Amino acid sequence: MKISSVKLRIYGRVQGVGFRPFVYRLATALELKGYVLNSSKGVEILLQGSESSIKKFIGDLKEKAPPLSYISKIEEDVIESEPFAEFKIEKSKKEEGLVFISPDIAVCDDCLREMRDPKDRRYRYPFINCTNCGPRYTIIEDIPYDRVKTTMKKFKMCDLCEAEYKDPLSRRFHAQPNSCYDCGPELWIEGVKTADVFKEIAELLKAGKILAIKGLGGFHLACNATLDDVVNRLRARKKRPHKPFALMMKDLNMVEHYCYVSDKEKELLKSLQSPIVLLKIKNRDDVADSVAPNNNYLGVMLPYTPYHYLIFEHIDFPLVMTSANFSDSPIIKDNEEAKLKLKTIVDFFVFHNRDIRHRVDDSVLFIENENIQIIRRARGYAPDPVKLPIRVRPSLALGPELKNTFTLAKDDTAILSPHIGDLKNNDIMQVFEETIDEYLRLFKIEPEFLIADMHPSYMTTELAERSKDYIEIKYVQHHKAHIYSLLFDNQFTGKVIGIAFDGTGFGEDGNIWGGEVFIGDLRGLERVYHFDYFPIVGGDSAIKNPKRIALSFIISQLPEVESFIAHKFTPFEIELVKRMVDHGKVFYTSSVGRIFDIVASILDIRDKITYEAQAAIEVQMQGELVEHNDFYSFEIKNRRVVFASMILGIIEDKLAKKGVPYIARKFHNTIAEIIKVLSERVREEKDINLVGLSGGVFQNRLLLKLTLRKLKEAGFKVLLHKNVPSNDGGVSLGQLAASLVE
Ligand code: ZN
Ligand code: ZN
Ligand code: FE
C-alpha cells in the first residue's frame, strides 16, 4: 500500500553543517515519518504526516536552519510512497548535479568550553570539533560529504565517538571529523619528546625560535612578533624583506591593546571565518617594526583551531603567523613537503597527522566606511558559491596571473577557487591545474567554454591556447572583467559607470590599460574615458623599479624637469631611456597603479619594490598622516585624463619642501577628484547616476574613502565589491560575462 508523501529537495550549503540532525529533530518533534539523506545535489527529505505538520515543517526549515547552512532553493513534490514507521536518517545517495562544499570553520564556543573542562574526555584535545565547527573543505576528498570521503577516513572512531556520531541528539551527530584522544589525529613537535607539547611550543616561541606549524589549510611560519631580530631572521630566511606579516593575537583584549578596533571589525575577527583583518595601529608597543614596515596597519587574526588556543594558554605576546610558502607560491600543506622545503627557514616543525586535501591560505579583509572589502578570499569563504543575477553556460574562467583564482560556473552559480597565488612558474601552475581538476570532479560541471585574459603571455592564456582543440576559448579584456566582476558580485544587471583603476592589464588596443572608465552592463562595456598613455621602458623590470617609470614619464612629458630625477641614474641609463622613448621601443600604459609608482619615486618614498604594489601602499601610508582638501590640476582632453600638470605640481611642492605626507594626500585627493569629474561627465552624457569602483587601486582605503566622500557629495550612488576582491583575485568571476545565457 502506498500513501501520499511530500518529497523535498534542498539545495545550497546543506551538508556538513548539521542540517540532517536539524531536519531529524524538526520532523520527530512534529511526529512526521519518512527520511532525510544527503545526495550529491544537496539534501533530500521525504515526509509523511498531517498537512499542517508538513506545512509547519517547511516553514521552520527555512526559518530555523542551522547557522552555517544556506538554502538556495527548495523543490517540493507530492508523490506516492511506502509508509514509514518512523523518521530516519538514511545513507547518502549519489546523483548528478551541483553540490556546495562548506568552507572550514573556526572552533566554536561549545567545543572550547569542553576543551577547557578538566572533567571532559576531550580536555585539551587539539582536534576537538562538532557539527558547527572544524575542518570541511580542507579535508574533503569527494562528495557527498561523509567520513569515508575525507582525510579522516584513516582514523577509526572509538565506541564513544561513534555513539556521538550516530546520536541524532548529539552535537557531534555526523560530524565527519569527530575524534578524541583514543581514536583521532595527533600533534607533535618533530624530534622533541615532551610531556606537554603546547607548553613546549610556547617555550620555543618565547625563546625566539621559528616554527612551522601545520594549520587547517597549510603550514604557518610562526615566531614571536615582539623580537625584532627574530622577525628579521625570518625575513632573511624567507627572502621577504618588506611585505607585512600577519599576526595571530591571543584574544580581543590583546588586539585592542595594539590596534583600533570598531564593533564591526570585532565581529569580523570573531566570525566563523576568522579572517585576517587589517587594523589601524594604535600602539606598536613591543611589536617589532619589522612585522609591517612603513605600514599604518597590522593584519591580525584570532586563534581559529583548538590547538592555536592551547598554544596561547602559555604566551602573552602576538605571534607572526605567515603562510609557509615562497614569494606567493602555493602554501605548503604536507608534512614531508614541509620538511623538504622549509628546513632552511624553520628551527622546529609542529606536525599533525590529519592530512590536508585542499590547501587554503588565511583570508584577508578590511573595513572602510562600514564596507567589508576582501583582499584575499580563501579560508572560511572558499568554496562558498557566488549567486549570479544572470544564468551562464557551464564554463571555467581562468583569471589573469597575479593573486589568481579560477571560477567554475553553471546556471546561476559561480564557485571561485580560493586564492592560489601568482601564476609565474611551473610549480604554481601545476597546483593551479590540479585544483581545477579537483573542482571539475567535485562539482561535476562540464565546461563548454574556457575563458581567459587577453594578455598574450600569461600562463593562464597559454593554458587556454593549449586546450583550444578540445574546448571553445573566449577572451575578456582584463579591466572589463574587473567591472563585470563588480556587477556579478552585487547581483546587478543594470547600467553602471565603471571605474577600473588597476596595476596592469592588456588592453584591446595592445597598450597596457589600468586607468579606464567604462559604461554599460553585464552584456557589454564601452570604454569612454581613460588616463593618457605614457611610455614605460622595459616591462616587468620597470614595474619592480618605480624610479624608472618616473624617469620615462618625465623624459617624455616633462623634459624641462629632467634634472629633478636625474641624480637617481647614471648618465648612460638616462641616455638609454631617452633613445628608447625616442624610437618608440616602449610600452604605453594608462595604468593608475603606475602613476602611484611615479609619485613614490618623486617623493623618495620608494625607488625599488620587493612586493607587488609596495610603492602605492607606501604612498597611501604617507597620505594618511595628514588631512586637507587641496588637489592638483589636471585636464580632460579627447576623452583622456592628461595629468602632467599634476606631476609637475608634485615636483614643485617637493622642491618647495611642502612635506611628503601633505603631497601624498594632495595626490590622493586629485585621483578622487578625477573620478568625480569623470563620473559627472558620463552622467551628463548618458544619464547614469551609479558609479562602480573596481581594480587593485581600490584596495587603497585612503583613496576609497576620499572617492566615496566626493562621489556622495556629488549625488552619486556607488557600487563596491562585497564577496570577491577588487584586485585580480576577483577577475575570474568577471570573465563569466563571456558566457551569459542569452
Ligand atoms: Zn564545535
Ligand atoms: Zn574517540
Ligand atoms: Fe587587475
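This is a predicted model: local features need pLDDT of at least 70, side-chain atom pairs count only at pLDDT 80 or more; totals for chains, interfaces and linings use all residues.
Start with the zinc ion (ligand 1). Its protein donors are the SG atoms of Cys-108, Cys-111, Cys-130 and Cys-133, and they lie 2.3 Å from the ion. The angles among these four donor atoms run from 104 to 117 degrees, and the site is tetrahedral. For reference, the ideal angle for four tetrahedral donors is 109.5 degrees. Now look along the sequence. The donor residues follow the spacing C-x2-C-x18-C-x2-C. Cys-108 sits in the loop between strand S5 (87-89) and helix H3 (109-115), while Cys-133 sits in the loop between H3 and helix H4 (159-166), so this pair ties together parts that are 25 residues apart in sequence. Both Cys-108 and Cys-133 are buried.

Move on to the zinc ion (ligand 2). Here the donors are the SG atoms of Cys-158, Cys-161, Cys-180 and Cys-183, lying 2.3 Å from the ion. Why is this site called tetrahedral? Its four donor atoms subtend angles of 105 to 116 degrees, and a tetrahedral site needs all angles to lie between 85 and 135 degrees. Along the chain, the donors are spaced C-x2-C-x18-C-x2-C.

The next metal is the iron ion (ligand 3). Which residues hold it? The protein donors are His-478 and His-482, each through NE2, and Asp-502 and Asp-728, each through an OD atom. They lie 1.9 to 2.2 Å from the ion. The angles subtended by the four donor atoms run from 91 to 161 degrees, which makes the arrangement irregular. The sequence spacing is H-x3-H-x19-D-x225-D. Asp-502 belongs to strand S20 (residues 496-506), and Asp-728 lies in the loop between strand S28 (717-719) and helix H23 (731-734). This pair links distant parts of the chain, 226 residues apart. Are the two aspartates buried or exposed? Asp-502 has a relative accessible area of 3%, so it is buried. Asp-728 counts as buried too, because its relative accessibility is 10%.

Now turn to helix H11, residues 426-443. At 1.5 Å a residue, the 18 residues of H11 should span 26 Å, and the end C-alpha atoms are 25 Å apart, which agrees. Asn-425 caps the N-terminal end of H11. A side-chain oxygen of Asn-425 lies 3.0 Å from the backbone nitrogen of Asp-427. After H11 comes Lys-444, with a positive phi near 55 degrees.

H11 has a set of buried residues, including Ile-428, Met-429, Val-431, Phe-432 and Thr-435. Further along H11, Glu-438, Tyr-439 and Phe-443 are also among them. What do the buried residues of H11 pack against? Their partners are strand S16 (385-397), strand S17 (407-416) and helix H12 (459-466).

Helix H12 leads to the next stop. Thr-461 is in H12. With 5% relative accessibility, Thr-461 counts as buried. The C-alpha atoms of Thr-461 and Leu-398 are 8.1 Å apart, though 63 residues separate them along the chain. Leaving aside neighbours within four places in sequence, Thr-461 is in contact with Ala-452, Asp-453, His-455, Pro-456 and Tyr-475.

Take His-455 from that list. It lies in the loop between strand S18 (449-453) and H12. Its relative accessibility is 17%, so His-455 counts as buried, since the cut-off is under 20%. The side chain of His-455 reaches the backbone nitrogen of Ser-457 at 3.1 Å. With neighbours within four places left out, His-455 is in contact with Thr-461 and Phe-506.

In soluble globular proteins, nonpolar side chains tend to be buried together. The largest nonpolar core in this model has 108 residues, and those with the most contacts inside it are Ile-647 and Leu-736. Helix H21 (residues 660-686) gives this core its largest share, eleven residues. Beyond four places in sequence, Ile-647 touches Phe-553, Leu-558, Ile-595, Ile-598, Val-599 and Ile-602. A second, separate core has 62 residues, among them Leu-8, Leu-30, Leu-112 and Tyr-307.

Terms used: Residues are numbered from 1 along each chain as its sequence is written. Chains are lettered from A and ligands numbered from 1 in the order in which they are written. Side-chain values use heavy atoms; hydrogens and water are left out. Helices (H or I, at least four residues) and strands (E, at least two) are DSSP runs, numbered from the N terminus. The expected span of a helix is 1.5 Å times one less than its number of residues. Buried means under 20% relative accessible area, exposed over 50%, partly exposed in between (1.4 Å probe, protein chains only). Contact means heavy atoms within 4.5 Å. A polar contact is a pair of N or O atoms within 3.5 Å; within protein, one must be able to donate a hydrogen and the other to accept it, and residues adjacent in sequence count only if both atoms are side-chain atoms. Donors are N, O and S atoms within 2.8 Å of the metal (3.2 Å for Na, K and Ca); water is not among the atoms, so sites may look incomplete. Four donors count as tetrahedral if all angles lie between 85 and 135 degrees; four count as square planar and six as octahedral if opposite donors are over 155 degrees apart and all others between 65 and 115; anything else is irregular. A nonpolar core is a set of buried Ala, Val, Leu, Ile, Met, Phe, Trp, Tyr and Cys residues joined through side-chain atoms within 4.5 Å.
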